[in-house]
Amino acid sequence: MSSIEQRAIHASAKSTISANINTPICLGFLVNLGTISLLVFGGSASHLVITVLVISINVLAIIGIMGGIDDYSAWVKDQDAEQAQTNVGQQNAKTPFGFYRIVIVAIFGSLAISQLYMMHLG
């Protein structure tokens with residue numbers, strides 16, 4: 001297989017992995033926006049259902065994004081020597097995967113906690 005073919009396969013895989021990270025982020029934020037809207041503009045009769053939704057969507061978003069980050073990390077580790085020497089390969093090697101995991105848990109965790117607080121203690 002030629003170098004050009006390998007790079008095309010590599011680029012295609014990165015596109016799929018990026019979608020695996022971006023999709024749960026977008027869906028998580030969209031559902032959180034909906035539940036926050038329900039809390040602000042709706043009544044209090046549905047708090048149990050919204051509580052279950054808030055916990056579920058944030059846990060699922062964290063799990064989905066972590067899986068995407070793990071895929072991306074594995075993809076970076078699987079670069080061949082030639083790809084690792086390119087500018088993109090060197091930039092990929094510097095990616096702070098641990099920091100991304102902390103940020104994702106902090107964002108979606110704080111979204112869940114703030115909504116639960118708003119429903120039950122606020």
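Biologist: How many helices and strands are there in the chain?
Modeller: In this predicted model, the chain has 5 helices and 0 strands, and reading along the sequence gives the pattern α-α-α-α-α.

Biologist: What share of the residues is buried?
Modeller: Buried residues make up 30% of the 122 residues in the chain. As for the surface, the chain exposes about 7,600 Å², and carbon and sulfur atoms supply 69% of that area.

Biologist: What about charges, how many positive and negative side chains are there?
Modeller: The chain carries 5 positive and 6 negative side chains, and the centres of these two sets lie 10 Å apart.

Biologist: Let's go inside, then. Which residues have the most contacts inside the largest nonpolar core?
Modeller: That core has 14 residues, and those with the most contacts inside it are I65, I69, Y72, I104 and F108. The elements that give two or more residues to this core are α1 (3-41), α2 (47-77) and α5 (97-120), and α2 gives the most, with 8 residues.

Biologist: Is there a general background to that kind of grouping, or what do nonpolar side chains tend to do?
Modeller: In soluble globular proteins, nonpolar side chains tend to be buried together.

Biologist: Which residues does F108 touch?
Modeller: Not counting residues up to four places away in sequence, F108 touches I25, G28, F29, N32, N58, A61, I62 and I65. There is also a second, separate core of 5 residues, which includes L39, V54, A112 and M119.

Biologist: You listed N58 there; is it buried or exposed?
Modeller: N58, which has its place in helix α2, counts as buried because its relative accessibility is 2%, under the 20% cut-off. Leaving out residues up to four places away in sequence, N58 touches N32, F108, L111, A112 and Q115.

Biologist: And Q115, where does that one lie?
Modeller: Q115 lies in helix α5, and this residue is buried, with a relative accessible area of 1%. Its contacts, leaving aside neighbours within four places in sequence, are N32, T35, I36, L39, V54 and N58.

Biologist: How much of the contact pattern comes from residues 24 or more positions apart?
Modeller: Such residues account for 81% of the contacts in the chain with a separation of 6 or more.

Biologist: Last one, T16: what is its relative accessibility?
Modeller: T16, placed in helix α1, has a relative accessibility of 46% and therefore counts as partly exposed. T16 and Y72 are 56 residues apart in sequence, and their C-alpha atoms are 9.7 Å apart in space.

How values were computed:
Residues numbered from 1 in each chain as written. Predicted model: local features only at pLDDT ≥ 70, side-chain atom pairs only at ≥ 80, totals over all residues. Heavy atoms only, no water. Helix = DSSP H or I, 4+ residues; strand = E, 2+ residues; numbered from the N terminus. Buried < 20%, exposed > 50% of the residue type's maximum accessible area, 1.4 Å probe, protein only. Contact = heavy atoms within 4.5 Å. Areas by Shrake-Rupley, 256 points an atom, 1.4 Å probe, with all protein chains shown as cover. Lys, Arg positive; Asp, Glu negative; His and termini not counted. Charge placed at Lys NZ, Arg CZ, Asp CG, Glu CD. Core = buried A, V, L, I, M, F, W, Y, C linked by side-chain atoms within 4.5 Å.
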